[in-house]
Amino acid sequence: MGVEGCTKCIKYMLFFFNFIFWLAGGVILGVALWLRHDPQTSNLLDLKVDGTQAPSTFYISVHILIAVGAVMMVVGFLGCYGAIQESQCLLGTFFACLVILFACEVAAGIWGFMHKDTVSKEMINFYDSMYDKALTDAVIDKDNKQAAASALRVFHETLDCCGKGHVTSVLTAITDTFGMTSLCPKSGSMTNCHNRIEDLFSDKIYIIGIAALVVAVIMIFEMIFSMVLCCGIRNSPVY
């Protein structure tokens, strides 16, 4: 015989929230793996021109997210088992893990908010350097234009854009027409690549932010329920 009354209700509510938390961990792990292997981002972030690698800030964030999802699944299982077994030791350990996770999430959220434009700015700078090098090589060093031009075409085909702005888009289209370069996408799009890059990474960051907010709300409820259940078990005459 275990806890009774309201405490028993809290026990099953905690189990339910832990199950949701475990599922959320699985979802975050899945989303992180998708972000890591998404063709659009992976095509761009795996580029290398003359030994210069594309910025890795986005991948660092995604790898942290993968670790968080895996830890959440382990902690969620610990909470479910502790609630069903009515174990004060497991519930105390579960609460401590939640506090640490919550603190890390708050710290990561603050850092992410302060650097939310860093990824797109780094990629725009990398794109600009490739664009300038590709055009310079096409005019000055025609025998050594393959690397930058190939990397730039990956950008243009992946994002369906061409050029840093309207003027450069027209300039690139003209050089393509006269056979000096072959940089614009096959679709003929002349959309500004700066806007495409910003939209691509902003969408990804919003997905991460929404997932983190949902998890934070669940964690607050779980911390409350775990402490109430732990106190209920301690005060129960059965124990």
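Predicted model: local features only at pLDDT ≥ 70, side-chain atom pairs only at ≥ 80, totals over all residues.
The protein has eight helices and two strands. Along the sequence, the elements follow the order α-α-β-β-α-α-α-α-α-α. The chain comprises 239 residues, of which 41% are buried. Contacts between residues at least 6 apart in sequence were also examined. Of these, 79% join residues at least 24 apart.

Helix packing was considered next. Two packed helices are described by the angle between their axes and the distance between the axes. Three pairs are treated here, drawn from α1, α4 and α8.

Helix α1 spans residues 6–37, and helix α8 spans residues 193–235. The axes of α1 and α8 lie 9 Å apart, at an angle of about 155 degrees. An angle over 145 degrees counts as roughly antiparallel, so α1 is roughly antiparallel to α8. The crossing of this pair is left-handed. The contact of α1 with α8 comprises 21 nonpolar, four polar and three charged residues. V214 and A24 are separated by 190 residues in sequence, yet their C-alpha atoms are 8.6 Å apart. V214 belongs to helix α8. The relative accessible area of V214 is 45%, and the residue is partly exposed.

Helix α4 covers residues 88–114. The axes of α4 and α8 come within 9 Å and cross at roughly 155 degrees. This angle makes α4 roughly antiparallel to α8. The crossing of α4 and α8 is left-handed. On the contact of α4 with α8, 18 residues are nonpolar, two are polar and three are charged.

The pairing of α1 with α4 has another geometry. Here the axes are 14 Å apart, and the helices pack at an angle of about 45 degrees. Helices α1 and α4 are therefore oblique to each other. Their crossing is left-handed. From α1, the contact involves L14, N18 and F21. From α4, the partners are L91, F94, L98 and L101. By class, the residues of this contact are six nonpolar and one polar, with no charged residue.

Charge pairing was then examined. Side chains of opposite charge can pair when their charged atoms come close. The structure holds one salt bridge. This salt bridge joins the side chains of K164 and D132, with an N to O distance of 2.9 Å. K164 sits in the loop between α6 (146–159) and α7 (166–177), while D132 sits in helix α5 (residues 118–139). The pair therefore ties together parts that are 32 residues apart in sequence. Both partners are partly exposed. K164 has a relative accessibility of 23%. For D132, the relative accessible area is 38%. The C-alpha atoms of D132 and A148 are 9.0 Å apart, across a sequence separation of 16 residues.

Phi of D160 is near 55 degrees, a positive value in a residue other than glycine. Most residues other than glycine have a negative phi, and most peptide bonds are trans. D160 is partly exposed, at 29% relative accessible area.

In sequence, T118 and F201 are 83 residues apart, while their C-alpha atoms are separated by 9.9 Å. T118 is partly exposed, with a relative accessible area of 24%.

Taken together, the features fall into two groups. Helix α8 packs roughly antiparallel to α1 and to α4, whereas α1 and α4 are oblique to each other.

Definitions and conventions. Residues numbered from 1 in each chain as written. Heavy atoms only, no water. Salt bridge = Lys/Arg side-chain N within 4 Å of Asp/Glu carboxyl O. Helix = DSSP H or I, 4+ residues; strand = E, 2+ residues; numbered from the N terminus. Buried < 20%, exposed > 50% of the residue type's maximum accessible area, 1.4 Å probe, protein only. Axes fitted to C-alpha atoms, helices over the stretch in contact; angles between N-to-C directions. Parallel < 35°, antiparallel > 145°, perpendicular 65-115°, else oblique. Left-handed = near helix turned anticlockwise from the far one by under 90°. Contact = heavy atoms within 4.5 Å. Nonpolar A, V, L, I, M, F, W, Y, C, P; charged D, E, K, R; others polar.
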